[in-house]
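Hi,

Here is the structure I said I would pass on.

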Amino acid sequence: MRSRLRGAGAAAAATALVLVVAGSWVGYRQLAGPSCSGRIELSVAATPEIQPVIKAAADKWVADGAAVDKTCVAVTVTAAEPVDVAAAVASRHGATLSGVGQASGTMVTPDIWVPDSSTWLLRLKSGGATAFAPGNGASIAHSPVVLAMPEPVATRFGWPEKKLTWTDLLRQVTSSKPLRAGIVEPTQDAAGLSGLLALSAAAGGTGSAGSPQAQEAMIGALRQLATNRSSLRQDLLARFPRSSDPTAIAAGLSAAALSEEDVLAYNKTKPPVPLAALYLDPPPAPLDYPFAVLPGIEPVKASAAKVLFEALNTAQFRNGLAAQSLRGPDGTWAEGFQGPRGASSPAGGETVAPVGQGGAAGLDPATIEKATSTWSVATQSGRMLAVIDVSGSMRSKVATANGATRLQVTVAAANQGLQLFDDSWSIGLWTFSTNLNGPLDYREIVPIKPLASNRNALRHGLGSIKPSNGNTGLYDTMLAAYKKVQEDWEPGKVNSIVLFTDGKNEDANGISHKELLAQLKKLRDPEQPIQMIIIGIGNDVSKGELEPITAITGGQTFVTVDPTKIGEIFLQAIALRPSASR
C-alpha cells in the first residue's frame, strides 16, 4: 500500500524529464565480463508501492554482474512520494503546481524517477517546466483507479452485479442525503486526481459546457468531497468503518477514489469491514508508473538505465508486480495476482495507452490544470480584494467574444468565479481609472466582507460597473489596495489582491514605478503576507513592468492577448496558495 508519509525517502529531479521509449531499448544489453574497471552509481526514486519490485529486479541484475563498458553498476532504489519529487522538480524549473507547495531542501536528486502516474509529468509541463516531454512514455506497471466502498455499502448499490457510472456517483454525492464520500487531496495524489477528473466530467454532462447546471453540480460535488478529504492516504483509509456494527458503517467513510492496489493492500490487513472495488464507467485514468530518466546524466549512466529498463520488462518482474497487487503495463496481470471481485483483465494482446496519449481518458495538461485549480478555489477559504480597470481602453471590443468589450468579458469572468467561492471567503470590489473618485484613481464598490453577507452586494456591484473616460491609474491603485488589504489582514486565510488591467500606468500625477516598488518593500510583512496577482489583458500590457511588483508581494503576473481566456487565468490565479515547505 502506498504510504503517503510525506518526505519519507523523498527524491527530487534537477532537470527536465525525458520519458524512455521502450522500443528504442529493446535488445540493448552489455553485461559485465569477469572483471570491471570503475563503478557506476545509478539512483532510482520510485513510488513506494512499486519500489520493492524495482529493487528486487535491480538487485538481481547487479548480482548477475551488471556492467556497462566493463564498468560495474550499483543501483540504489529509494521509495519517494511523487508529490515530493514533483515539488522539487517544479522548484528547480520555475513551474507552478496547484496545491503542491514548496520542495524540501534535503531532497536527493535521482537519475531515474518512477512516479505512480504520468499525470505528474503532464502537470509539470503544463505548470511551466516546458522542457519536459511526457509523451509516449514507457509504463512499467498499471493499476486501475476504482471507487472503494465498504462491502455492505457496495452491496446496497448492487455490487458486484450492477455496473455503476460516475454520473450515478455524482447523484449520490450531491443528493439531499449525500453519500459520505472522501478523497485524498487530488493536487497531491494521482488516484485522487483521477477520481476528481472523472467526477468533474460527469458534472459537465449535466448541462452544456459552462452552464449554471454543470457549474452547480461540480461545485456541490467538490465541496462534499472536501468535507472528508485528507492529505494522507493512510488517514483517509482509517476513516472507513472499523467495525461491522451498522452504526459504525453508517458513521464511517462510504466511498473514495483509490487505486486497485490500495484496495487489495487494505484488504490484506484483514479489516473488520473489507473494501469492495467498483470499476465505474467510463474508466478513469489509471496509474501507469512511467519510467522517466533525467537528461544530462553521464552517457555511461544513461546506458546503464537502458539496461535496467530491460530488467523491468521481464516475466519475473511481472510476477513481482503481481505479488504487490500491481498489473503489468498492458493492464493484464501475472500468475499469483489476486484480483478483487468484479475486476476484469484485458484480453491477451490488448494494450493500455499511456495517460494523455489517446488512451486512459485521453487526458491533457489543460484538463488537469483546470481540475486542480477549480478544486483549490472551491474547497479552500481566502480573503480577496478584486480590482478592475475601467479606463477608456476597456471599451475595446473582443472579436472572439461576439463583440463584447474587454470590461464585459472581465466582469463575466469575475461573476463566474464568484460562484466557486463558498461563504467562508471574504471578498471586496474596487474599480480604477485616473481621477475616478475626485483626485483618487480608485473607488470602493463593495467592502471586503464574508460572502455569507456580501454575495448579493458583489453581484450587484459587478453588474453596475461601467467604463470611464480616464486612463490607467495603475500604481496609486496598487499601493492603496495593498494598504487596504493589510489593514484587516486575516490569519488562517490567503490574503490577496487580484487586479485586472489592459494597459500600462498612465497617471502623470501619481507615484512612479520605482516609488511603488520601494513602498511595497517597506510595507511587506513576512508574518502577514499578501499576494498581489495581476491579470493583464491585451497587447498593451507590459509584463516586464508588472512582474517586479508581484515578485515583491509573492504573487504572480498573468498576461493574455485573448481576453476570452480571462476566466481560465482567473481560476489559475486564485488557486495560487503559498504552502509551507515539506
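**What I found**

Starting with the cavities: β13 gives the most to the lining of the largest one, three residues in total. Bear in mind throughout that this is a predicted model.

That cavity has a volume of about 110 Å³, and the structure holds five cavities of 30 Å³ or more. Besides β13 (426-437), the elements that each supply at least two lining residues are β12 (382-389), α14 (406-420) and α15 (451-463). If you want to colour the lining, pick Met-384, Ala-386, Ala-414, Leu-418, Phe-421, Ile-427, Gly-428, Leu-429, Leu-458, Leu-462, Phe-500 and Phe-570. By class, eleven of these are nonpolar, one is polar and none is charged.

The second largest cavity comes to about 90 Å³. It has 14 lining residues, and Leu-147, Leu-169, Gly-182, Leu-225 and Ala-257 are the ones that lie nearest its centre. Two or more residues come from each of α5 (166-173), β7 (181-184), α6 (190-204) and β9 (255-259). Here the lining splits into twelve nonpolar and two polar residues, again with no charged ones.

**The five-stranded sheet**

Now for the sheets. One is open and has five strands in the order β8-β7-β9-β6-β10, with mixed pairing. β8 (229-230) and β10 (275-278) are the edge strands; each has a single partner, so one side of each is left without a neighbour in the sheet.

Two of the bridge pairs to click on are Val-146 with Leu-258 and Val-145 with Ser-259. With β7, on the other hand, β9 pairs in the parallel sense over two bridges, and there Ala-181 stands opposite Ala-255.

How much of β9 is buried? Five of its five residues are. Ala-255, Ala-257 and Ser-259 point one way from the strand while Ala-256 and Leu-258 point the other way, and all are buried. Ala-257 is also among the residues nearest the centre of the second largest cavity.

Helix α10 (residues 260-268) lies across β6, β9 and β10, and it runs at about 105 degrees to β9.

**The six-stranded sheet**

The other sheet I looked at is also open, with six strands in the order β14-β13-β12-β15-β16-β17 and mixed pairing. At its edges are β14 (440-450) and β17 (556-560), each with a single partner strand, so one side of each has no neighbour in the sheet. From one strand to the next, the twist averages 15 degrees.

Within this sheet, β15 (residues 494-501) and β16 (residues 530-537) run parallel and are joined by seven bridges. Helix α18 (residues 543-553) lies across β16 and β17 and runs at about 165 degrees to β16. To link back to the cavities, β12 and β13 of this sheet are among the elements that each supply at least two residues to the lining of the largest one.

**Glu-185**

One residue I would like you to look at is Glu-185, in the loop between β7 and α6. Is Glu-185 buried or exposed? Its relative accessibility is 9%, and the cut-off for buried is under 20%, so Glu-185 counts as buried. Setting aside neighbours within four places in sequence, Glu-185 is in contact with Arg-229, Ser-230, Ser-231 and Trp-375. Ser-376 is 191 residues away from Glu-185 along the chain, yet their C-alpha atoms are separated by 9.7 Å.

**The chain as a whole**

For the overall picture, the protein chain has 19 helices and 17 strands. Of its 582 residues, 55% are buried. Taking contacts between residues at least 6 apart in sequence, 79% join residues at least 24 apart.

Send me your thoughts once you have had a look.

Cheers

Methods
Residues are numbered from 1 along each chain as its sequence is written. This is a predicted model: local features need pLDDT of at least 70, side-chain atom pairs count only at pLDDT 80 or more; totals for chains, interfaces and linings use all residues. Side-chain values use heavy atoms; hydrogens and water are left out. On a 1 Å grid over the protein atoms alone, a cavity is a set of points where a 1.4 Å probe fits but cannot get out, and a pocket is an open set with protein on both sides within 12 Å along at least five of seven lines; lining residues have an atom within 4 Å of a point. Grid points are joined across faces, edges and corners, and a volume is the space filled by probe spheres set on the points. Helices (H or I, at least four residues) and strands (E, at least two) are DSSP runs, numbered from the N terminus. Ala, Val, Leu, Ile, Met, Phe, Trp, Tyr, Cys and Pro count as nonpolar, Asp, Glu, Lys and Arg as charged, and the others, Gly among them, as polar. Two strands pair if DSSP finds at least two bridges between them. Contact means heavy atoms within 4.5 Å. Axes are lines fitted to C-alpha atoms, for helices over the stretch in contact, and angles run from 0 to 180 degrees between N-to-C directions. Buried means under 20% relative accessible area, exposed over 50%, partly exposed in between (1.4 Å probe, protein chains only).
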